[in-house]
Amino acid sequence: MILIVNSIRKTKLKKNEIIPLNMDFMFTTIFNNEKNIYVLEHFLSDYLEIPFSSIKGNLKILKRKILPNNKKESSNEVDLVLNYNDKLINIELSNERKSTGVIERNIVLACKIHGGELEYGNKDYKNIDETLQINLNNFRCNKDTILSSYYLSDLKNREILTKKFRIDMVDLVLGSKLCYNINDKLSKWCRLLMTKRRDELYKLAIVLLGREGGNEFMNEIDMLCSDDEYIGIYTKLSKKELEYNTYIAE
């Protein structure tokens, strides 16, 4: 009889290294958690440029599943959907290279979310609430600005058809680079999502979340970054990324 023993090799991160929040599994674990809703409240307060007091306690995390339109169509899962005073906010993190496929996918998700706002049987479309999709893109997507906003508009005169449906493109790469060159909170959030250094993440967390919130946030990060399973996923994905970059370079 042959006995096979499966051994799990534990991998540790380097000193001062953390798993960055732009990794899908880290982003989902942190932001799709009611316990961490204070992080989302601070982010949207800065992003929408509204007082923190007006958003605190008024933000809800909704289910990620979008019901299919028909039986042949499979259900879709979005990264994050929020409800702020009846305004739906969909946040999508994209790590794929810029492609029309990624853009079209996110547009479809935004349309489904917006179309789902109208209650069944209600035909008064003028009462439909706003939908905002925030695309956090881990690649260069804007020419010279961190944030670009898109509406349905007339091609010739640029007249906006409706302001109730908006799609934003956030260039995480550019924002992260400009973090220490401009006095802009969005750039600091970009850097917070991109950094792999614990000391830098801690400083940004204190600035953006306050002393108490920053310490609470870092406790959560430290716990996840000491988990063998999370480290294993991260190192495996990092190896694939390294192999892909080598392939492209060759």
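Visitor: What angle and what axis distance describe the packing of helix 6 and helix 7?

Guide: In this predicted model, helix 6 (residues 185-194) packs against helix 7 (residues 198-224) at an angle of about 95 degrees. Their axes are 8 Å apart.

Visitor: Why is helix 6 called roughly perpendicular to helix 7?

Guide: Angles of 65 to 115 degrees count as roughly perpendicular. The angle here is about 95 degrees, and that makes helix 6 roughly perpendicular to helix 7.

Visitor: Which residues of helix 6 and helix 7 meet?

Guide: From helix 6, K185, K188, W189, R191 and L192 take part. Their counterparts in helix 7 are E200, L201, L204, A205, V207, L208, L209 and F217. By class, this contact has 9 nonpolar and 4 charged residues, with no polar ones.

Visitor: What makes the phi of N16 a point to note?

Guide: Phi of N16 is near 70 degrees, which is a positive value in a residue other than glycine. N16 belongs to the segment before helix 1 (24-31).

Visitor: Why is N16 called partly exposed?

Guide: Buried means under 20% relative accessible area and exposed means over 50%, with partly exposed in between. N16 has 33% relative accessibility, so N16 counts as partly exposed.

Visitor: Where is R158 found, and why is R158 called exposed?

Guide: R158 is in the loop between strand 7 (147-153) and strand 8 (160-171). Exposed means over 50% relative accessible area; R158 has 61%, and is therefore exposed. Although R158 is not a glycine, its phi is positive, at about 60 degrees.

Visitor: N142 also lies in a loop. Why is N142 called buried?

Guide: The loop that holds N142 runs between strand 6 (131-137) and strand 7. Because buried means under 20%, N142, with a relative accessible area of 6%, is buried.

Visitor: Which groups does the side chain of N142 reach?

Guide: A polar atom of the N142 side chain lies 3.2 Å from the backbone oxygen of T145. The N142 side chain also makes a polar contact with the side chain of S148, at 3.2 Å. Beyond neighbours within four places in sequence, N142 is in contact with L147, S148, M169, V170 and D171.

Visitor: How many helices and strands does the protein chain have, and what share of its residues is buried?

Guide: The secondary structure comes to 8 helices and 8 strands. Of the 250 residues in the protein chain, 42% are buried.

Methods: Residues numbered from 1 in each chain as written. Predicted model: local features only at pLDDT ≥ 70, side-chain atom pairs only at ≥ 80, totals over all residues. Heavy atoms only, no water. Axes fitted to C-alpha atoms, helices over the stretch in contact; angles between N-to-C directions. Helix = DSSP H or I, 4+ residues; strand = E, 2+ residues; numbered from the N terminus. Parallel < 35°, antiparallel > 145°, perpendicular 65-115°, else oblique. Contact = heavy atoms within 4.5 Å. Nonpolar A, V, L, I, M, F, W, Y, C, P; charged D, E, K, R; others polar. Buried < 20%, exposed > 50% of the residue type's maximum accessible area, 1.4 Å probe, protein only. Polar contact = N/O pair within 3.5 Å; in protein donor to acceptor, adjacent residues only side chain to side chain.
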